[in-house]
Amino acid sequence: MIATLLVGMLCVYLLSFAVMFLLIGRRLDAGKMGMDAFAVGNFTLGAAYVLQLLEGPAGWSWMGVVNHSLTLGALLAYSVGGLRFFGRPTSLLWPLAALGLGYAVVQIIVEWVWGPVARYVLLAAICALCFAGMVVVLLAGLRTFARDLRGEVLLFAALISGICVLNVLKLTKLLAGGLPALAMDDQFQVVFYVYMCSLATIIPPFIVWLVLRRLTDKLRDMAARDPLTQLLNRRGLTEALAARLRRPNAGARLLLIDVDHFKRVNDRYGHHAGDAVLCAIVDVLRGAVGTDDLLCRMGGEEFAVVCPGADADNALRVAERVRIAVASTVMLQVAGEAVRCTVTVGVSGSFDDDASLVRAMQDADAALYRGKNAGRNRVELGGVTASAAPVGEGAPGAQSAIESQGGSG
């Protein structure tokens, strides 16, 4: 009687949370984070338990066959939901239908060849293997896709491990005692459904919490990045530097990079082309700076690079590499015309805290201003010219189609 009541409660929990997941998924538009798949999983498992209540004692019936197929279908839906949550789009409906029909055929064959106990043993074994596989994937994901959710993933893996163990115990009881082991008044069945009710109470709010956390992280990331180039903006650079400067021996140098005469790109080709050129320049910058360097869009056509641990020579090498790479790259083709650009770079002295960062910013800005006045397409360091190559010298063939028309910027 107690186990039957627990199964009834389980049905209510699962179906109620299925509706909630669907409603949340609708509000998330295209980025549903797996909520639609979780809703299908809850609905499928809830329907399986409804059939179990209607079926009565364990044995052969069409309700039992459908029940077992729905149970495995729910595991598939939950797995797909997890994949979608971690950004791996995976189809659900056709695999779900194929699994349901295929497993129904397998059940009929197993029942015909080995009897009803084998059919229940098969379900318990498959469930145990599936849950064990989920645990392994989650633990492996701590080093890859789930690095930012370590505590949550460990808790989830622990909860899944519990249901895996219970399915192994159910398997052994079936092998030892046959179908009477599944009687609803059996003590093991009470324990099993108490745990399942606990999971149905804990996991859905837990999933909602994960979605809310992921949305919060996305909003924070959006606030720290430039929407056009996806580089760090000023706020994002400040936050990233705050973390870097807390490390020991965390000195760094700042490079301010300004695209020469960029206004002419917008005037001649339009702002849409100007945006495309900026994105192309960002691609060049990403390839020219180091993997540990911080790249930021300060605004308009001005960018910044922070080189942690760099001395003057290393910072100048990065700056010169940036200058040459930009000057030698065709940024855009417009009506058969190659659009090229050059940059002027100002390099600061070393800084290691907020106060020295302000001085470094002023130093790099003053160097950048000197470079602009001295003819552009050059690198300047703290009041001393580090590279005074006129346009085209640093990179043969890099004479800008925009530069050739004169003007300022």
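I'll start with helix H1, where Ala 3, Leu 6, Val 7, Leu 10, Cys 11, Leu 14, Phe 17, Ala 18, Phe 21 and Gly 25 are buried. Buried means under 20% relative accessible area, exposed means over 50%, and partly exposed is in between, with a 1.4 Å probe and protein chains only. Helices (H or I, at least four residues) and strands (E, at least two) are DSSP runs, numbered from the N terminus.

A word on the source. This is a predicted model, in which local features need pLDDT of at least 70 and side-chain atom pairs count only at pLDDT 80 or more, while totals for chains, interfaces and linings use all residues. Residues are numbered from 1 along each chain as its sequence is written, and side-chain values use heavy atoms, with hydrogens and water left out.

Back to H1. An α-helix has 3.6 residues a turn, so residues three or four places apart point the same way. The cover over the buried residues of H1 includes H2, H3 and H7. H1 has 26 residues and spans 38 Å from first C-alpha to last, close to the 38 Å expected at 1.5 Å a residue; the expected span is 1.5 Å times one less than the number of residues. Just after H1, Asp 29 has a positive phi of about 55 degrees.

Next, the cores. A nonpolar core is a set of buried Ala, Val, Leu, Ile, Met, Phe, Trp, Tyr and Cys residues joined through side-chain atoms within 4.5 Å. The largest one has 49 residues, and Leu 10, Tyr 49, Phe 131, Ile 163, Phe 192 and Tyr 193 have the most contacts inside it. Two or more residues each come from H1 (2-27), H2 (35-55), H3 (62-85), H5 (116-141), H6 (150-177) and H7 (187-223). Which helix gives the largest share of this core? That is H7, with 13 residues.

Leu 10 touches Tyr 49, Tyr 193, Met 196, Cys 197 and Ala 200, leaving out residues up to four places away in sequence. Contact here means heavy atoms within 4.5 Å. There is a second, separate core of 36 residues, which includes Leu 231, Leu 255, Leu 285 and Ala 288.

Now a helix pair. H3 and H4 (residues 93-114) pack at about 140 degrees, with their axes 9 Å apart. H3 is therefore oblique to H4. The contact uses residues of H3 including Gly 64, His 68 and Leu 72, and residues of H4 including Pro 95, Leu 99 and Tyr 103.

Further along is H9 (residues 262-269), whose buried residues are Phe 262, Arg 264, Val 265, Asn 266 and Tyr 269. These pack against strand E1 (252-259), helix H10 (271-288), strand E4 (330-334) and strand E5 (337-340).

Cys 307 sits in strand E3 (residues 302-308). Is Cys 307 buried or exposed? Cys 307 is buried, with a relative accessible area of 1%. Setting aside neighbours within four places in sequence, Cys 307 contacts Ala 252, Arg 253, Leu 255, Asp 293 and Val 318.

Pro 116 is in helix H5 and is partly exposed, at 29% relative accessible area. With neighbours within four places again set aside, Pro 116 is in contact with Glu 111 and Leu 179. The C-alpha atoms of Pro 116 and Ala 58 are separated by 8.7 Å, and the two residues are 58 apart along the chain.

Note on methods
Axes are lines fitted to C-alpha atoms, for helices over the stretch in contact, and angles run from 0 to 180 degrees between N-to-C directions. Angles under 35 degrees count as roughly parallel, over 145 as roughly antiparallel, 65 to 115 as roughly perpendicular and the rest as oblique.
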